[in-house]
Amino acid sequence: MDFALSAKAEDVCARAWDFMREHVFPAEPVYDRWRAERGHDDHGHPPVLEELKAEARRRGLWNLFSHEVGGLTNLEYASVAEITGWSPVLAPEAMNVGAPDTGNMETLMLFGTEEHKQRWLAPLLEGEIRSGFAMTEPDVASSDARNIQTSIVRDGDEYVINGRKWWTTGAADERCQIFIVMGKTDPDGPPHRQQSMVLVPRGTPGFEIVRHLPVFGYQDQHGHSELRFTDVRVPVGNLLAGEGDGFMIAQARLGPGRIHHCMRAIGMAERALALMVERTKNRVAFGRPLAEQGTVREAIALSRIEIDQARLYVLKTADLIDKYGAKGARTEISAIKVAAPKVALAVIDRAIQVHGGAGVSDDTVLARFYASARTLRIVDGPDAVHIRGVAKEELARERPYSG
C-alpha cells in the first residue's frame, strides 16, 4: 500500500488549504455572528456560505467526493475530507461535499432513473438544493434496519407512505427539497428484502416536519428533524431500484460515506490538537508554561500517536474500496467507524481539559467539535453494531496457526 498523494491530489490539497486559510477560517466568525443575531433556532441560510461556495467553484474545489465528477479516488479524496474536517460546519457545504448530500447524490447516481437525475441530482450537484435521508425511527431500534415500521404500500400507480422518522439531517433548511425515505414494501418477505427506498419531495401532502432536534443543546443550521408521513402519496416512478432493494442501496452508499465521516473526524482532531499545542505554549501554571508539564506533554504525544494510527487505518480502508469495492473492505469500514470518532473524542477532550473553562464555552470550536464527534458514534450505526460485525468476521477468520 502506497499512501503517498498523487500529483493531482497534492495539487487539490494545496488549493484546499489555501481556500481554508484565506476564506473558510475567516468566515467562521461571520457565520457565527449571523446565526447569533437571529437565534440558533433560526434555520435560515447564512449568506457567507454562498460566497464560500462561489469561491470554491472558482478554485475547482467542487464535488470532489465523486470519482465520476471530481476525478479523485477514494484514497485521494480522503485527504481532502480531512482538510474539510478542520471546519466541519462550513467547509463541506462550501465545497458541496457535505453529508447527507454526498450519500444521496451517490445513491441517485447509482440507482436513480434519468428523470430522477435531471430533477434532483443535477441541482444537488450544482449546490442549488439540499437533500435528506429518512431512515431512523423513534419507536424502534433502527440500528437493526429490519425493525423499521414505516410502511410503503402500492396503490395503483402510487405508493402510500405512513410512519415516523427522526434525526433526518438537513430537513430544517428550506433548501432541503428531496428526501430519500426507507420503509417496508413487503413486511412478510425475507428479512433483507422487506425494505425499499422512495423519493419524497418536500411539500408533498401528508408530509410534516414535527420538530428540530438539538445535539447537546446545539441547533445545527440545517437541523436534525423528526418527520411524520400520513398517507403521503408519490408516483411509483419515485422508487429507487426495485421493491425490496432498500438494504442493498443502504450498503452501497455507506462505504465511501464512512471514509468521509472518519476523515472529517480526524480533521477535527488535528485542529483540536493544534489548539491544544498553542494553548500549552502560552498558558502558564505553577510558574511554567503548560507545555513543560509532564501530564500535558503526555496528552499531546498520545494525541499525535492516536491520530496517526486512525488516519492510516482509514487510508487503508479507502485503498481497499478503490481496489475491491465496499464488499472487499467490509470489516475495515466497520472498524474505522468505531476507531476514528473515538480518537477524535479523546483528542478533543484533552484539548478541552487544557483550555479549562474556555474549552466548554463557545469561545473555541472545541465544545461543538465534541458534540459532533460524540454524535458520530451513533450515526450510520452505533459502535456496538460495528463491533459486532468486526467480531463476527474475526471469529470466522482462518489462522496460519492456533496452537
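User: Which residues of helix 2 are buried?

Analyst: In this predicted model, the buried residues of helix 2 are Val-48, Leu-49, Leu-52, Lys-53, Glu-55 and Ala-56. They lie on the same side of helix 2, because the arc they cover around the axis is only 165 degrees. They pack against helix 1 (7-38) and helix 5 (91-94). On the other side of helix 2, Glu-51 and Arg-58 are exposed.

User: Why is Lys-53 called buried?

Analyst: Buried means under 20% relative accessible area. Lys-53 has 5%, so Lys-53 is buried.

User: What makes Lys-53 and Glu-50 a salt bridge?

Analyst: The rule asks for a side-chain nitrogen of Lys or Arg within 4 Å of a carboxyl oxygen of Asp or Glu. The closest N and O atoms of Lys-53 and Glu-50 are 3.0 Å apart, so the pair meets the rule. Both residues lie in helix 2, three residues apart, about one turn of the helix.

User: What joins Asp-245 and Arg-193?

Analyst: Their side chains meet in a salt bridge, at 2.6 Å from N to O. Asp-245 and Arg-193 lie in two separate loops, so the pair ties together parts that are 52 residues apart in sequence.

How values were computed
Residues are numbered from 1 along each chain as its sequence is written. This is a predicted model: local features need pLDDT of at least 70, side-chain atom pairs count only at pLDDT 80 or more; totals for chains, interfaces and linings use all residues. Side-chain values use heavy atoms; hydrogens and water are left out. Buried means under 20% relative accessible area, exposed over 50%, partly exposed in between (1.4 Å probe, protein chains only). Helices (H or I, at least four residues) and strands (E, at least two) are DSSP runs, numbered from the N terminus. The arc is that of the directions from the helix axis to the C-beta atoms. Contact means heavy atoms within 4.5 Å.
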